[in-house]
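Hi everyone, thanks for making time.

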Amino acid sequence: MTGVPAVALSAVGKTFGAGKPSAVTALTGIDLTVAPGEFVSLIGPSGCGKSTLMRLVADLEQPSAGTISVFGKTAHQARLDQDYGIAFQAAGLLPWRTVRANIELPLEVHGVSRPQRRARAEELLAMVGLSDFAGHRPDQLSGGMQQRVAIARALAERPRLLLMDEPFGALDEMTRERMQGELVRLSAQTGCAVIFVTHSIPEAVYLSNRVVVMSPRPGQISAIVPIALPERTEDTREDPTFFAAVTAVREALRAPQRVGLELT
Amino acid sequence: MKSLRSLAAGIGAFALLLVLWEAYKLLGSPDGFSVHDVRLLPRADDDSMPHVWQIVKRFSEPEISAAGSSSVLVAVIKAAWFSFRVSVAGWIGGVIVGVLLAVLMQRFRTAQDALLPYIVVSQTVPLVAIAPVVVGWGGNLAVFGQPWQPWMSVAVISGYLAFFPVAVGTLRGLNSPQAAQLGLMHSYAASWWQTLIRLRLPASVGYLIPALRLGAAASVIGTIVAEISTGTRGGIGRLIIEYAQSATGDPARPWTAIVGAAGLGLVVASLVSLLDVGLGRFNPAGAR
């Protein structure tokens, strides 16, 4: 098992509407390797293709160029084998199902028996601290709680990779920080590798082992910033090394613009 | 509480209708109101608009003057019961066809492009035009060895009207899940069938309930019109025509059949509302 990366992207490109005059090159020349258990954030301005990149890994889009492997398999096979769990900005819970039944949904689709589903859902509910809300309907929960249900659902199949597309994007700042703390704990507890798409620099720094900085038109990786923080706690956010890392990512994000300014 | 209030509102509206009827009789001209021979307001005389109590009284009187004739009330209820059963048969057939068409159109984009225009056009064909065609076809058919019954033609026409709102509403509902929910099902490697059963169908219920209600109203109208245009005996549509022929000598009687038809519509609509209760779980927004 050792040595096989969780995700390996090589020379990946994606063009929407290839061949048409309206063709848009969303991504070009992406090389990226994510190790098992590693937490990697994708950050960049709107239109830099970070969500598209995640969707390629999830096999929700097909690459126009390059190769993608997930745990040594094709992205397609990895999807069929349920090697990853996924969460979006919209929690996407089914409103007619209880919280528990929402978490059981992927297990139900894959034919897991009722008692096993029940047991796994209880485990996950405890893990995200929502055991008391198992019988509630999603619209009775706050946005943060809904997102916790979505994360529990993503973890239902015990994936070794978690793909998250701005899952905390719609939450208020306080809830967001609390959710980040929970995610750090969950990823450590499950040993999942995580690819996390975000707009927020502090969020990316707080969560990640590495922050992948992307630039738009066409979407490409402009820098990869390794983050060496001690164990994450609430104090981490006030640590000088945290600020230093935030500054490093911010400068990496500005870099392409600075080049542009120098040219003019 | 909410259902009590809407019941009270319904009764109030009915009472208001009776008051308006009588008020118009009191204030309106017996010859109506005409501009250049175009009558804008109906005659208010007793032959055109019998008093409410005359209509009510007529229900309790014998249908015809012959000895042993049952009361009008019995005749109207019998006819309404006949039409009710035909409507329900037409509605069920229409719902099945409508849902199947919607599923087919959701599954195959080509089917949607090919079928949807014809589904819309189908509703512009006048009922009176298709009635003889259906009767003609039916005459050559046998269902499970049984010869075609006249009521079956009526049910087919009723279903022909009922399927349309169901097909269109269900199609919208099947296409209503959010992109994140569809992406999620795709990421689970869920089959089209699993996605239909676990996501698209439950998501369509909020659209299906109003469509079922529209379909029920359409099936009742279809039944009454089809009874008249196919000349099928036994239903409320036929009764309206029969009683209307005696309007000159017995002005209250045609109104009893019309009241019966309205009552039939109300009963069918309330029965469909019961589906709300059963399916409420899938309809958190309470779409109506």
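Let's start with Ala257(B), which sits in helix H10, residues 252-279 of chain B. When I say helix or strand, I mean DSSP runs numbered from the N terminus: H or I with at least four residues for helices, E with at least two for strands. Before going on, some housekeeping: this is a predicted model, local features need pLDDT of at least 70 and side-chain atom pairs count only at pLDDT 80 or more, while totals for chains, interfaces and linings use all residues. Residues are numbered from 1 along each chain as its sequence is written, and chains are lettered from A, with ligands numbered from 1, in the order in which they are written.

So, is Ala257(B) buried or exposed? It counts as buried, because it has 23 C-beta neighbours inside 10 Å. The cut-offs: 20 or more other C-beta atoms within 10 Å of its own makes a residue buried, 12 or fewer exposed, in between partly exposed, with C-beta atoms placed from the backbone. Leaving out residues up to four places away in sequence, Ala257(B) touches Val76(B), Ile236(B), Leu239(B), Ile240(B) and Tyr243(B). Contact here means C-beta atoms, placed from the backbone, within 7 Å. Ile241(B) is 16 residues away along the chain, and its C-alpha atom is 8.9 Å from that of Ala257(B).

Now, where do the two chains meet? The contact takes 17 residues from chain B and 16 residues from chain A. On the chain B side, helix H7 (179-187) and helix H8 (192-230) each give two or more residues, and H7(B) has the largest share, with six.

Look at helix H3, residues 99-109 of chain A: nine of its 11 residues are buried. Just after H3(A), Gly111(A) takes a positive phi of about 75 degrees.

On to the cores, meaning sets of buried Ala, Val, Leu, Ile, Met, Phe, Trp, Tyr and Cys residues joined through C-beta atoms within 7 Å. The largest nonpolar core has 87 residues, and Val57(A), Leu163(A), Ile195(A) and Val249(A) have the most contacts inside it. Its largest share, six residues, comes from helix H5 (residues 143-154) of chain A. What does Ile195(A) contact, leaving aside neighbours within four places in sequence? That would be Val7(A), Val34(A), Val40(A), Leu42(A), Met54(A), Val57(A) and Leu163(A). Apart from that core lies another, of 52 residues, including Leu101(B) and Leu212(B).

Chain A also has an open, antiparallel sheet of four strands, in the order S2-S1-S4-S5. Strands count as paired when DSSP finds at least two bridges between them. S1 (residues 7-16) and S4 (residues 65-70) of chain A pair over five bridges, with Gly13(A) partnered by Ala65(A) in S4(A).

Zooming out, chain A has eight helices and 10 strands. Its radius of gyration is 19 Å, close to the 18 Å of the globule rule for 264 residues, so chain A is as compact as a globular protein of that length. That radius is over C-alpha atoms, and the rule is 2.2 Å times the number of residues to the power 0.38. Buried residues make up 44% of chain A's 264 residues.

Key
Two residues are in contact if their C-beta atoms, placed from the backbone, lie within 7 Å.
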